[in-house]
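Here are my notes on this model, point by point. Please read them with the coordinates open.

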Amino acid sequence: MKKVYAFEKNCLGCGLCEVYCKTAHSKSKDIIKTYRKENITSAIVIEEILSPKAKTYFALQCRHCADPKCVKACISGAMYKDQNGIVKNIKEKCVGCLSCVLVCPFGAVKRNKDKERKIISKCDLCIETGTPACVENCPNNALKLMDEEEVK
Amino acid sequence: MEYLIIGNSVAGTSCAQKIRFNDKKGQITILSEESFPAYGRPLISYYLAGKVDSNLIQYRNDDFYRENKINVVLNCKALNIDSKNKKVKGSNGKEYSYDKLLIATGSVPFVPPVKGIENQKNTFTFLKLEDAKKIEKIITDKSNVIIVGAGLIGLKAAEALAGKVASISVVDLADRLMASVLDSQTALRIQKYIEKRDVKFYLSNTVAEVGKDSVVLKNGEKLPCDILIMAVGVKPNTEAALTAGIKVNRGIVVNEYMETSVKNIYAAGDCVESLDILSNQNKVLALWPNAYMQGETAGSNMSGVENKFAGSFAMNAIGFFGIQLISAGIVDPKDEKVSIYIEENEKEITYKKLLTLNNKLIGFALLNLPDRAGIYTSLINDDVKLDSLNYDITKKDIGLNVFPQDIRHNKLFRGNNK
């Protein structure tokens with residue numbers, strides 16, 4: 001299956017991937033309205049790598065594991081792996097217990113900051129549009145949608 | 001091939017799913033003593049609170065059994081296992097034959113003897129959906145509820161009932177709530193927080209006697225009581241296993257293939273003892289993810305694909321009254337050599353506790369700081385040497401950047417989620 005891979009050398013740490021992730025998962029699909037009115041938690045974690053010379057970064061999304069621990073830990077049945085291998089979370093079923101956060105070894109499942117809807121936020125590979133918004137909008141090709149086999 | 005599974009919760013259903021994945025033709029039957037399809041058992045408190053309904057509480061979608069060609073027999077308790085003739089007698093009068101059998105009977109509530117308990121007709125345990133439905137029917141805004149047990153189950157029951165009844169009192173023998181997970185300081189902080197939500201605690205105390213509309217505590221205090229919820233704890237349900245002469249200690253004894261001492265009979269979930277990798281002993285680790293993995297391992301071996309269960313350790317993610325607590329491993333150590341690192345913020349009610357021993361993380365507790373907790377869990381699970389990491393985990397928030405580049409790349413690019 002195809003997943004998003006991060007290339008540390010190219011990442012500027014600009015955060016645009018997060019901005020576009022939020023917009024892609026907003027109701028308005030408008031970057032400004034999303035920022036101003038919709039309280040959305042992106043499905044991306046931007047990490048800083050500390051090195052003596054300079055700071056570098058990479059963006060992390062759900063790895064859609066072959067044998068996902070989050071699916072096994074989910075107490076409500078909200079988390080599942082679909083036929084295409086995408087690990088999805090059914091928002092209506094999720095009770096926000098964060099068992100998935102407890103077991104994800106990548107730390108790639110985030111709690112949703114919107115306190116009214118205590119659910120989690122995770123990468124769905126933008127299945128609705130086909131191309132992940134983070135990949136499409138990365139200004140320096142630091143995020144690529146690639147086939148697992150291609151990467152290996 | 002005939003597969004028979006006793007128990008229809010997470011271990012039973014994940015076993016059935018794995019069997020079907022490996023064996024498209026075999027006949028799979030699940031016996032359940034309950035009257036509902038599989039549901040998220042820890043969700044019964046959410047049900048009682050009105051946060052999920054009968055539909056949303058279902059663990060699998062409506063088509064799960066049909067798609068996987070699983071024959072489910074509800075309202076049927078397994079009364080007797082005849083391992084010689086490979087037959088199980090059900091409470092519905094029918095007999096079910098098997099080639100491979102899984103026992104996934106879960107836990108049963110542990111109810112200690114209490115003087116006069118028969119006087120209170122509204123006495124419940126809180127483990128099954130049926131319990132939640134019974135309590136739901138009976139509560140009013142005038143009910144005085146006594147909950148015995150300040151552990152996970154008792155507190156979730158209290159949360160579900162808060163605001164719906166006249167009073168909630170939680171009684172526990174221990175000096176603090178969630179004694180198995182929390183140290184006394186953290187427990188006290190959470191207690192004070194919950195007390196503001198009109199729940200009263202009576203700790204280092206117990207119900208000495210139950211009357212018709214009241215209880216008397218050990219310290220002599222008398223409390224009005226219309227509903228009594230016994231949430232002291234659970235124990236492995238080994239009843240069916242014992243009828244087959246299967247070896248049982250505290251839980252059913254299994255090997256790493258989830259095989260019991262009797263041939264062709266496997267067991268998984270809360271009813272078994274399995275390897276705790278932190279103490280290197282077999283323990284009852286009644287945890288949802290554990291039950292899933294054990295059920296899956298059993299299902300794999302039952303359908304001819306050899307698979308071992310690697311063992312696990314205690315872990316919990318729980319939310320109540322808006323508090324989020326995530327913990328894993330050893331959090332209240334007896335060993336004096338354990339180093340404990342604590343970071344707290346009383347105002348924000350956050351707390352981070354990391355426990356290390358011999359250059360390894362052996363446990364953590366995170367109060368209202370859940371972010372990226374799974375990385376800590378993986379450090380325990382993968383037995384990672386802390387001095388091999390990029391920084392001191394007690395000095396900085398955890399991230400994947402803690403791993404040296406080659407290891408990080410291996411994880412991210414090769415999908416190594418071990």
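1. Which residues of helix H1 (residues 16-24) of chain A are buried? In this predicted model, they are A:Cys17, A:Tyr20, A:Cys21, A:Lys22, A:Thr23 and A:Ala24. A lysine, A:Lys22, is on that list. The cover over the buried residues of H1(A) includes helix H2 (31-37), strand S3 (56-60), helix H5 (133-137) and strand S8 (143-147) of chain A.

2. The largest nonpolar core has 172 residues. Which of them touch the most other members? From chain A they are A:Cys100 and A:Cys134. From chain B they are B:Leu102, B:Ile103, B:Ile229, B:Ala267 and B:Ala268. Helix H5 (residues 152-161) of chain B gives this core its largest share, seven residues.

3. Now the overall build of chain A. Chain A has six helices and eight strands. Along the sequence they run β-α-α-β-β-α-β-β-α-β-β-α-β-α. Of its 152 residues, 47% are buried. Take the contacts in chain A between residues at least 6 apart in sequence: 57% of them join residues at least 24 apart.

4. Dimensions of chain A. The C-alpha trace spans about 45 × 40 × 30 Å along its principal axes. The radius of gyration is 15 Å, and this agrees with a compact globule, because one of 152 residues would have a value near 15 Å.

5. The interface between the chains. Here 34 residues of chain A are in contact with 39 residues of chain B. On the chain A side, the elements that give two or more residues are strand S1 (2-6), strand S2 (45-49), helix H3 (69-73), helix H4 (99-103) and helix H6 (148-151). H4(A) gives the most, with four residues. By class, this side has 19 nonpolar, five polar and 10 charged residues.

6. One local feature in chain B. Strand S13 (residues 207-210) and strand S14 (residues 214-217) of chain B pair in the antiparallel sense, over three bridges. A hairpin joins S13(B) to S14(B) through three residues. Which residue of S14(B) is the bridge partner of B:Val210? The partner is B:Val215.

Methods. Residues are numbered from 1 along each chain as its sequence is written. Chains are lettered from A and ligands numbered from 1 in the order in which they are written. This is a predicted model: local features need pLDDT of at least 70, side-chain atom pairs count only at pLDDT 80 or more; totals for chains, interfaces and linings use all residues. Two residues are in contact if their C-beta atoms, placed from the backbone, lie within 7 Å. Ala, Val, Leu, Ile, Met, Phe, Trp, Tyr, Cys and Pro count as nonpolar, Asp, Glu, Lys and Arg as charged, and the others, Gly among them, as polar. Two strands pair if DSSP finds at least two bridges between them. A residue is buried if 20 or more other C-beta atoms lie within 10 Å of its own, exposed if 12 or fewer, and partly exposed in between; C-beta atoms are placed from the backbone. A nonpolar core is a set of buried Ala, Val, Leu, Ile, Met, Phe, Trp, Tyr and Cys residues joined through C-beta atoms within 7 Å. The radius of gyration is taken over C-alpha atoms; the globule rule is 2.2 Å times the number of residues to the power 0.38.
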